[in-house]
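Me: I am new to this structure and would like to go through it in questions and answers. Please show it to me before we start.

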Amino acid sequence: FLSILLEDIKADLILTDTQLGIISGLAFAVFYATLGIPVAWLADRKNRRNIIAVALALWSGATALCGFANNFLHLLLARIGVGIGEAGSSPPSHSMIADLYGPDKRAGALAIYSLGVTLGAAMGTILGGTVAHYFGWRMAFFVIGLPGILLAVAVRLFAVEPPRGMSDAAQTISDDSSPTLADGFRAMWANRAARHLVAGVTITSMIGYGLTFWGPAYYIRSFGFDKLQIAMYIAPILAVGGVVGTVGGGKLADWCASRYGLHSQSLMIAILKTIAL
């Protein structure tokens, strides 16, 4: 939801677009991407539910801290905290979903999980834009960030850690037999499809995050929209499209896998990404 606040932050803290790009993109992405690797290693060995709870509390608290920023450095450090916290979410979450759902149903399950990103971005823009319109951008950070700490407590108390490998062929995994980080990198590099997948996701994510973070500023600067109009009219349209695409894409991927085999999912993605381009 930071994107809806960029213009207000720029005016209040007297920042440049380059500084806005650093706090919205680089400061977050570097720590989010790199720390995801050690977090994934930890998720192979420790309680994944607890990792998610700690990560959620960390990035929610760091989000709220953004509201106290008085200059670029303060905001930069808070955004780094958000990136560190969010790095702890996806690796253990994906691992738990893989245990709960077999290969023929995982695409649909991951699509439901991905709704958190789609709906979270839309609701963050709606709520953040509305709060910022009436009460200022700092209050928007508090309203969005602080409830996440309570949610982290709920995850710790009520979420269940599934048995590892529950939905796959029986196998015994111990700390001694778990792959090392070096093993993981070697296996990925040796797999041509994996290399292509990482490259493709990197490119499409770069485009997606660029559109996400600069979209509201584009509407405001080029078309004269205000925050409330974006929150009330633009964000809901994107939310509906995102939900249809995410859930529908997951269901379509499951259908392709059952009808034509798992390899058909990569062709499906190639077709849809080409249409999006």
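Me: Which residues does Trp137 touch, not counting residues up to four places away in sequence?

Reply: This is a predicted model, in which local features need pLDDT of at least 70, side-chain atom pairs count only at pLDDT 80 or more, and totals for chains, interfaces and linings use all residues. Residues are numbered from 1 along each chain as its sequence is written, and side-chain values use heavy atoms, with hydrogens and water left out. Contact here means heavy atoms within 4.5 Å. With that cut-off, the residues in contact with Trp137 are Leu5, Asp8, Ile9, Asp12, Leu13, Cys66, Gly67, Ala69 and Ala132.

Me: Which residues of the largest nonpolar core touch the most other members?

Reply: A nonpolar core is a set of buried Ala, Val, Leu, Ile, Met, Phe, Trp, Tyr and Cys residues joined through side-chain atoms within 4.5 Å. Buried means under 20% relative accessible area, exposed means over 50%, and partly exposed lies in between (1.4 Å probe, protein chains only). The largest such core has 23 residues, and those touching the most other members are Leu5, Ile9, Leu13, Leu20, Leu75, Trp137 and Phe141.

Me: Which helix gives the most to this core?

Reply: Helices are DSSP runs (H or I, at least four residues), as are strands (E, at least two), numbered from the N terminus. At least two core residues come from each of H1 (6-13), H2 (17-43), H4 (72-86), H6 (106-135), H7 (137-158) and H10 (227-260). With 4 residues, the helix that gives the most is H4.

Me: How many residues are in the other core that lies apart from it?

Reply: Among the members of this other core are Ala53, Met96, Ala152 and Val155. In soluble globular proteins, nonpolar side chains tend to be buried together. The number of residues in this separate core is 6.

Me: How many disulfides does the structure hold?

Reply: A disulfide is a pair of cysteine sulfur atoms within 2.5 Å. Cys66 counts as buried because its relative accessibility is 1%, and Cys256 is buried too, at 9%. The number of disulfides is 0.

Me: How many residues apart in sequence are the parts that Arg221 and Glu7 tie together?

Reply: A salt bridge is a side-chain nitrogen of Lys or Arg within 4 Å of a carboxyl oxygen of Asp or Glu. Arg221 and Glu7 form one, with 2.8 Å from N to O, and Arg221 is partly exposed at 39% relative accessibility. Arg221 is in helix H9 (residues 192-223) and Glu7 in helix H1, so the parts tied together are 214 residues apart.

Me: Which residues are linked with Glu7 and Arg221 in a network of salt bridges?

Reply: By the salt-bridge rule, the structure has 8 salt bridges. Glu7 and Arg221 belong to a network of them, and the other residues linked there are Lys10 and Asp17.

Me: How far apart are the closest N and O atoms of Arg138 and Asp12?

Reply: Arg138 is in helix H7 and Asp12 in helix H1, 126 residues apart, and the pair links distant parts of the chain. Arg138 is partly exposed, with a relative accessible area of 25%, and Asp12 is also partly exposed, at 42%. In their salt bridge, the closest N and O atoms are separated by 3.7 Å.

Me: Which residue has its backbone oxygen 3.0 Å from a polar atom of the side chain of Gln265?

Reply: Gln265 lies in helix H11 (residues 264-276) and is buried, with a relative accessible area of 19%. Its contacts, leaving out residues up to four places away in sequence, are Ala107, Ala253, Asp254 and Ala257. The backbone oxygen at 3.0 Å belongs to Ala253.

Me: What is the phi of Ile14 near?

Reply: Ile14 is in the loop between H1 and H2 and counts as exposed, at 72% relative accessibility. Its phi is positive, in a residue other than glycine, and is near 55°.

Methods: A polar contact is a pair of N or O atoms within 3.5 Å; within protein, one must be able to donate a hydrogen and the other to accept it, and residues adjacent in sequence count only if both atoms are side-chain atoms.
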